[in-house]
There are 2 protein chains.
Amino acid sequence: MSRTILVHKYGGTSVGSTERLHAVADRLAQCVADGHRLVVVVSAMGSTTDQLVQLAQSMRVTDVPEAFQSASSREYDQLVATGEIVSASLLAMAVHARGCSAVSLTGGQAGIKTEMMYSRAKILGVDLTRIHQELASHSVVIVTGFQGVNKRNDVTTIGRGGSDTSAVVLAAALNVAVCDIYTDVDGVYTSDPRSIRGVSKLPMVSYDDMLELASLGARVLHPRAVECAKINGIELHVRSSFSNESGTRVKEIGMEVQQPVTGVTVNEDEVLFALRGLPDIPGIAAQVFGALAAANISVDMIVQSTQDKGTNTITFTVSQSDTQSAKAIAVSISDSLKGVSVIEHTQIAKVSVVGVGMISRPGVAATVFDVLGKAGMNIHLISTSEIKISCAIDRDQGGAAAQLLHDAFQLDQL
Amino acid sequence: MSRTILVHKYGGTSVGSTERLHAVADRLAQCVADGHRLVVVVSAMGSTTDQLVQLAQSMRVTDVPEAFQSASSREYDQLVATGEIVSASLLAMAVHARGCSAVSLTGGQAGIKTEMMYSRAKILGVDLTRIHQELASHSVVIVTGFQGVNKRNDVTTIGRGGSDTSAVVLAAALNVAVCDIYTDVDGVYTSDPRSIRGVSKLPMVSYDDMLELASLGARVLHPRAVECAKINGIELHVRSSFSNESGTRVKEIGMEVQQPVTGVTVNEDEVLFALRGLPDIPGIAAQVFGALAAANISVDMIVQSTQDKGTNTITFTVSQSDTQSAKAIAVSISDSLKGVSVIEHTQIAKVSVVGVGMISRPGVAATVFDVLGKAGMNIHLISTSEIKISCAIDRDQGGAAAQLLHDAFQLDQL
């Protein structure tokens, strides 16, 4: 019997209690009984990582002199990486209790090599020696997600939500076609089931649509993992660890895309700033976004438009948590340039319509503006890409707008 | 300036909260300011290890089929070793916050090599390469106690209380003469201050006396660490992490021992079994203790006496937790031999008088029996070594007996 390798990933909720760990162990034992070999990536149990982060904060990590900040990042990674070691070793014990061989491997033991940097290191490669040894001795191999080691043999973490990426990287290294992402939802939906009526579960979704859906707030899959899966041609199967139902398959979808729109998302975490009356000279945009980048502020939507008298308006949105620092930068730029004013709009919602299919189906943008216009919703900002149309509107209209768009594109009938 | 290396060890209570970690970091920063280099061994915070053990138990580790028990021990070690990683990395951050360089090293990173076996591996040696590198770059080196790695690069633990041993092994490898053991008491006392009046703190104590005091329940130092210190000639300074006072120095004490008795201890955790009417033939004792050893039961006191008609009585004590399994073994032996009966005495206390000085001062045993006899206390079992006299008496008389002996040897006037 040829024993195929399966790669599973279980998120924090799926291993969030000893009961949940036992449920996962049941599933793994069944897969072993079915004749499969298993490589399993786990996150830390429930809120463990947050607790460890809190402990670190009580050590005054924010007071650390600059000279020791990199050293403290190293300690931070060494600390938070223990969360996944705990869940992985517990899960291995639970598998033993079911009469199956299993071993937990830290990122280092599993051969996951990363850059030197801490807290958001990129994975450079995987030395599969140990994993192949353990698979050959019929062990379920349980790997701690979210971490690796650098060339100094120090523990590094690869950024939050990184366990998805760990799983995809292992699937790619092991030449496995599909990676099962077990989570607390049963798939990817056309919109947020908690706020939109009539949502449909997508049986499959393209990498590109999933990337847009993930970064817009669907929170099911880390965008980096989707990108990594796309590059390596790994199919992701997003499914529930609480059932045996099929979930959503994230994969390359050919030319025969059925529907123009795959999903509608709402993001209520952004604030909008506009700089009006900027001189129309080269380098102005670079000055604005250079200053924001230097302050480590991620900018989402960016729009520049020309006004009368040869001046420009630059409008952008940032996360609510960056409101104060972004405002300070906007004000200092406006102070340094004559006739420039800052407009702030903190109560916006960004409603987005996503779909690879819209490339070949004109009229999606027109439908979006038509729907919002007929509902009397004022659009403050529009930003479009080939597969996405986003509109910033008043925050209190976000949910209603998403529902109207979801209905208009008949996403309940997928 | 020649910078001496200090080796400190901090126990679970000394790093039991973020406040305590800050207090330890203050002390370390002061040592750095005083021009010392530091290698610091830490235990897990407070009850962390117990919590991890509880988690492991909820994984049904007791149900694990025999074939996977060694594999589960490996997971158990991987799990509990995270406790020290957490305290070590947090302490390093707290040192950074004080503007000092520091690095936490796991047992593996610190080069602590152990046997292959799990849960009670012996340390085979220390590869100091990384520690020397870190000391050369002026870092406070914080090493996780209680753990190392085997030649497979898997995490091993060296048995509970093993952090003391980790510290002594590092002191020996680094050729440091004194190892400071910071704990929640300020030294070694002539008896337990919680139950005996007039106890004195011993300014110094011999390795041998400390060994007897430690294994009898003084709980300040792990006996294995004392033995390791004795073999390597490391002086241990047992002191409080809550003050700057000098504690008790455990070291080789020459011929000029002042007092015959150093301490009095009480152990109320033992139960007594006697096998009466055993045939006086070779191999009987081996049969009894072989069966106990096979069941992994540690035996403390052992006494054999000859009775009439050529039969023997073998009496022994074991930990309360081993009562059921020891009883089963005693009963099965008595069932297999004609005329043998089992006597069980679960309510005993073992009172011990310890002192290297008694070797050269006859009469200590006589005083012990005289004191207990005059107080009307019945002695069930006597066991003596060159430096210790232990008596098993009724448990409810344990405390009173210890007080009488403490008074009789004038240990309050040390």
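# Exercises on a two-chain model

Gln397(B) lies in the loop between strand S20 (388-394) and H12 of chain B, where helices (H or I, at least four residues) and strands (E, at least two) are DSSP runs numbered from the N terminus. This is a predicted model, in which local features need pLDDT of at least 70 and side-chain atom pairs count only at pLDDT 80 or more, while totals for chains, interfaces and linings use all residues. Residues are numbered from 1 along each chain as its sequence is written, and chains are lettered from A and ligands numbered from 1 in the order in which they are written.

**Exercise 1. Describe the surroundings of Gln397(B), and say whether Gln397(B) is buried, partly exposed or exposed.**

Step 1. Gln397(B) has 19 C-beta neighbours inside 10 Å and therefore counts as partly exposed (20 or more other C-beta atoms within 10 Å make a residue buried, 12 or fewer exposed, and anything in between partly exposed, with C-beta atoms placed from the backbone).

Step 2. Once the neighbours within four places in sequence are set aside, Gln397(B) is in contact with Ala349(B) and Met377(B) (contact requires C-beta atoms, placed from the backbone, to lie within 7 Å).

Step 3. Ala366(B) is 31 residues away from Gln397(B) along the chain, and their C-alpha atoms are separated by 19 Å.

**Exercise 2. Which elements of chain B contribute two or more residues to the side that touches chain A?**

Step 1. The contact between the chains brings together 33 residues of chain B and 33 residues of chain A.

Step 2. On the chain B side, two or more residues each come from helix H1 (18-33), helix H2 (48-58), helix H3 (69-80), helix H4 (82-97) and strand S3 (102-105).

Step 3. H4(B) gives the most to this side, with 10 residues.

Step 4. As to confidence, the model scores ipTM 0.81 and pTM 0.84, and chain A has a mean pLDDT of 91, with 97% of its residues at 70 or more (pLDDT is the predictor's confidence in each residue, from 0 to 100).

**Exercise 3. Characterise H4(B) and work out how H4(A) and H4(B) are oriented to each other.**

Step 1. H4(B) consists of 16 residues and reaches 23 Å from its first C-alpha to its last, which is close to the 22 Å expected at 1.5 Å a residue (the expected span being 1.5 Å times one less than the number of residues).

Step 2. Since 16 of the 16 residues of H4(B) are buried, H4(B) is largely enclosed by the rest of the structure.

Step 3. After H4(B) comes Gly99(B), whose phi is positive, near 75 degrees.

Step 4. The axes of H4(A) (residues 82-97) and H4(B) come within 10 Å and cross at roughly 175 degrees (axes are lines fitted to C-alpha atoms, for helices over the stretch in contact, with angles from 0 to 180 degrees between N-to-C directions).

Step 5. H4(A) and H4(B) are therefore roughly antiparallel to each other (under 35 degrees counts as roughly parallel, over 145 as roughly antiparallel, 65 to 115 as roughly perpendicular, the rest as oblique).

Step 6. The residues that make this contact are Thr82(A), Ile85(A) and Val86(A) of H4(A), together with Thr82(B), Ile85(B) and Val86(B) of H4(B).

**Exercise 4. Where are Ser119(B) and Gln410(B), two residues with positive phi, found?**

Step 1. Ser119(B), although not a glycine, has a positive phi of about 70 degrees, and is found in the loop between strand S4 (112-114) and strand S5 (123-126) of chain B.

Step 2. Gln410(B), also a residue other than glycine, has a positive phi near 50 degrees, and its place is in the segment after H12 of chain B.

Step 3. Ser119(B) counts as partly exposed, because 15 C-beta neighbours lie inside 10 Å, and Gln410(B) counts as partly exposed with 13.

Terms used:
Two residues are in contact if their C-beta atoms, placed from the backbone, lie within 7 Å.
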